[in-house]
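Biologist: I am new to this one, and I would like to know what stands behind each label. Could you show it to me and take my questions in turn?

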Amino acid sequence: MTRHPEALMLFAAGFGTRMGALTKDRPKPLIQVAGRPLIDHTLDLVGDLQPARVVANLHYLPDQLEAHLAPKGVLLSREEPEILETGGGLRAALPLLGTGPVYTLNTDAIWSGPNPLNLLRDVWDPDRMDALLMCVPITQTIGHAGPGDFTADADGRITRGPGLVYGGAQIMKTDGLMDVSEKAFSLNVLWDQMHKRDRLFAAIYPGRWCDVGRPEGIALAQGLIADV
């Protein structure tokens with residue numbers, strides 16, 4: 001059996017409220033960046049990795065995303081009537097994802113450099129790790145405010161602290177999802193449990209990364225793409 005995950009989860013259910021009027025009539029993943037929907041830039045990374053199964057969760061304006069993603073072979077997990085956050089959304093999609101660790105990928109960032117999914121695959125060690133997060137040094141981020149999310153030690157284990165920004169790509173084991181009583185919850189719940197067991201790790205991204213969570217991030221992302 002392969003040690004590498006065979007399934008990937010795209011998080012695409014959010015309301016995109018920080019985008020203001022831009023998400024009034026469309027979900028954030030369909031906002032145009034450099035002439036293409038934001039999620040298509042994400043799908044480029046997925047296509048390079050070629051996982052066996054790709055699943056996206058949908059909630060806000062789901063019909064638009066379904067029309068865009070279904071023809072591309074993406075399986076869809078609708079969250080109705082309530083949105084389930086990242087942890088609840090991943091748990092609800094497990095029947096489509098299958099058993100074993102999975103890649104998860106946010107759909108609101110632009111990466112400039114090596115494919116972060118391939119880097120995660122190469123570093124992943126399930127004997128030591130319950131999750132491996134792709135983190136970006138704060139100096140290599142664009143459009144991100146704040147000191148960072150994590151600090152890493154010499155072995156790559158991470159704890160909450162400044163210096164590294166979680167880029168929205170990871171490999172994680174999903175067993176712990178079943179132990180959470182809440183229906184809607186963040187993956188931070190699992191990360192905190194993994195940290196207590198010394199099994200939460202980071203891979204450090206060598207390129208640049210742009211957050212496209214706010215309107216001003218669109219121009220920054222387009223500048224980053226143009227620099228390639």
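Modeller: Let me start with a pair of strands: β7 and β14 (residues 208-211) run antiparallel to each other, joined over 4 bridges. This is a predicted model, where local features need pLDDT of at least 70 and side-chain atom pairs count only at pLDDT 80 or more, while totals for chains, interfaces and linings use all residues. Residues are numbered from 1 along each chain as its sequence is written, and side-chain values use heavy atoms, with hydrogens and water left out.

Biologist: What makes β7 and β14 a pair?

Modeller: Two strands pair if DSSP finds at least two bridges between them. β7 and β14 have 4 bridges, so they meet the rule of at least two. As for one of the contacts along β14, aspartate 211 is the bridge partner of alanine 109.

Biologist: And what is called a strand or a helix here?

Modeller: Both are DSSP runs, numbered from the N terminus: helices are H or I with at least four residues, strands are E with at least two. By that count the protein chain has 7 helices and 14 strands.

Biologist: Which strands are the edges of the open sheet?

Modeller: The open sheet has 3 strands in the order β7-β14-β9, with mixed pairing. Its edge strands are β7 and β9 (141-142), as each pairs on one side only. β9 and β14 are parallel over 2 bridges, and isoleucine 142 has cysteine 210 as its bridge partner in β14.

Biologist: Why is threonine 174 called buried?

Modeller: Buried means under 20% relative accessible area, exposed over 50%, and partly exposed in between (1.4 Å probe, protein chains only). Threonine 174 has 8%, so it counts as buried. Threonine 174 sits in the loop between β12 (164-172) and α6 (188-196). With contact meaning heavy atoms within 4.5 Å, threonine 174 touches Leu90, Leu94, Gly100 and Val102, leaving aside residues up to four places away in sequence.

Biologist: How do you know that the radius of gyration agrees with a compact globule?

Modeller: The radius is taken over C-alpha atoms, and the globule rule is 2.2 Å times the number of residues to the power 0.38. For 228 residues a compact globule would be near 17 Å, and the protein chain has 17 Å, so the two agree.
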